[in-house]
Amino acid sequence: MADSMRTALRVPDGPVNLAGYDPAARPLAPVNKSGKAKKLRTDAEHLAGLQERLWAESTAGGNRRVLLLLQGMDTAGKGGVTEHVVGTFGPIGVQYTAFKKPTKQELAHDFLWRIGNRVPPPGVIGVFDRSQYEDVLVVRVHELVPESEWSTRYGRINAFEAELAGSGTTIVKCFLHISYETQRERLLARLADPDKHWKFNEADIDERAFWTDYVAAYEAVLEECNTTVAPWYVVPSDDKAYRNWAIGALLRETLEELDPRYPQPDLDLDRLRERLEPPH
Ligand code: AMP
Ligand code: MG
């Protein structure tokens with residue numbers, strides 16, 4: 001049980017064909033006796049307790065952190081997962097970063113520069129809403145740099161992640177997998193709801209025309225950058241409740257394995273209590 005979601009969603013080594021991954025699947029989701037799906041619940045208190053221990057450990061010199069990296073097509077739910085995760089840990093335990101189209105300043109640096117600047121500090125859960133992978137996804141699909149350059153980036157990303165892992169960061173990389181039809185439904189739902197019009201971005205329809213190219217670019221990422229220290233998980237994301245629950249489980253397993261402990265400072269309790277006497 002301890003490692004079950006990480007095992008179930010882990011991408012096997014070798015070439016990846018996303019057509020073989022059902023975006024509506026619900027691996028490990030509990031069902032009741034009659035086979036009906038049970039309501040999925042993340043044990044937020046347990047997760048928050050684990051994060052607090054990670055933080056406590058860092059105040060005594062511990063160096064460990066967790067980085068949840070989210071990638072997926074538009075409307076796959078990177079924002080929804082973020083809300084779920086931040087809601088679970090609270091704003092103090094999380095450092096959230098959304099990576100947008102690079103600014104002039106960012107473009108003047110190497111593509112990993114802005115990523116390195118946002119690595120979570122010890123004790124914190126970092127959330128990347130998009131990431132270094134945009135530089136081999138949108139950049140590859142639209143040839144924003146020549147192939148001779150983007151093709152070198154898989155190896156550079158692997159080296160970067162190995163270094164992060166080596167210095168105390170546990171990286172959890174999630175590809176939120178939705179179907180072409182689900183994306184259409186979600187975009188239509190935004191159009192149908194005036195309160196969601198602000199979220200509507202016509203550029204998402206432009207990008208949708210490149211779906212097949214994005215699939216190929218994702219398949220390359222899932223093959224080239226699926227390493228032992230920073231493996232990829234494909235999270236079926238047509239069902240939002242399942243998606244959030246599954247990522248909660250990936251984080252729970254990760255934190256349970258890290259098993260952070262409260263520091264045990266050597267307090268002279270009698271002396272400290274005495275100092276608090278007498279009452280006013
Ligand atoms: P959103 O996440 O919906 O706010 O959109 C952010 C946009 O920034 C998306 O269209 C991404 O493809 C784009 N973006 C993120 N990183 C990069 C990058 N390194 N190069 C080009 N575009 C990027
Ligand atoms: Mg968007």
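The report starts with the basis of the model and then turns to the aromatic rings.

This is a predicted model, where local features need pLDDT of at least 70, side-chain atom pairs count only at pLDDT 80 or more, and totals for chains, interfaces and linings use all residues. Residues are numbered from 1 along each chain as its sequence is written, chains are lettered from A and ligands numbered from 1 in the order in which they are written, and side-chain values use heavy atoms, without hydrogens and water.

The structure holds 6 aromatic pairs. Rings of Phe, Tyr and Trp (its six-membered ring) pair if their centres lie within 6.5 Å; planes under 30 degrees apart are stacked, over 60 edge-to-face, the rest tilted. Two of the pairs follow.

| Pair | Centre to centre | Plane angle | Type |
|---|---|---|---|
| Phe 99 and Phe 128 | 5.0 Å | 85 degrees | edge-to-face |
| Phe 175 and Tyr 218 | 4.5 Å | 40 degrees | tilted |

Phe 128 lies in strand 3 (residues 125-129), 29 residues from Phe 99. Helices (H or I, at least four residues) and strands (E, at least two) are DSSP runs, numbered from the N terminus. Phe 99 is buried at 5% relative accessible area. Phe 128 is buried too, at 1%. Buried means under 20%, exposed over 50%, partly exposed in between (1.4 Å probe, protein chains only).

Phe 175 and Tyr 218 are both buried.

Now the surface. Leu 272 belongs to helix 13 (residues 269-275). Leu 272 is partly exposed, with a relative accessible area of 30%.
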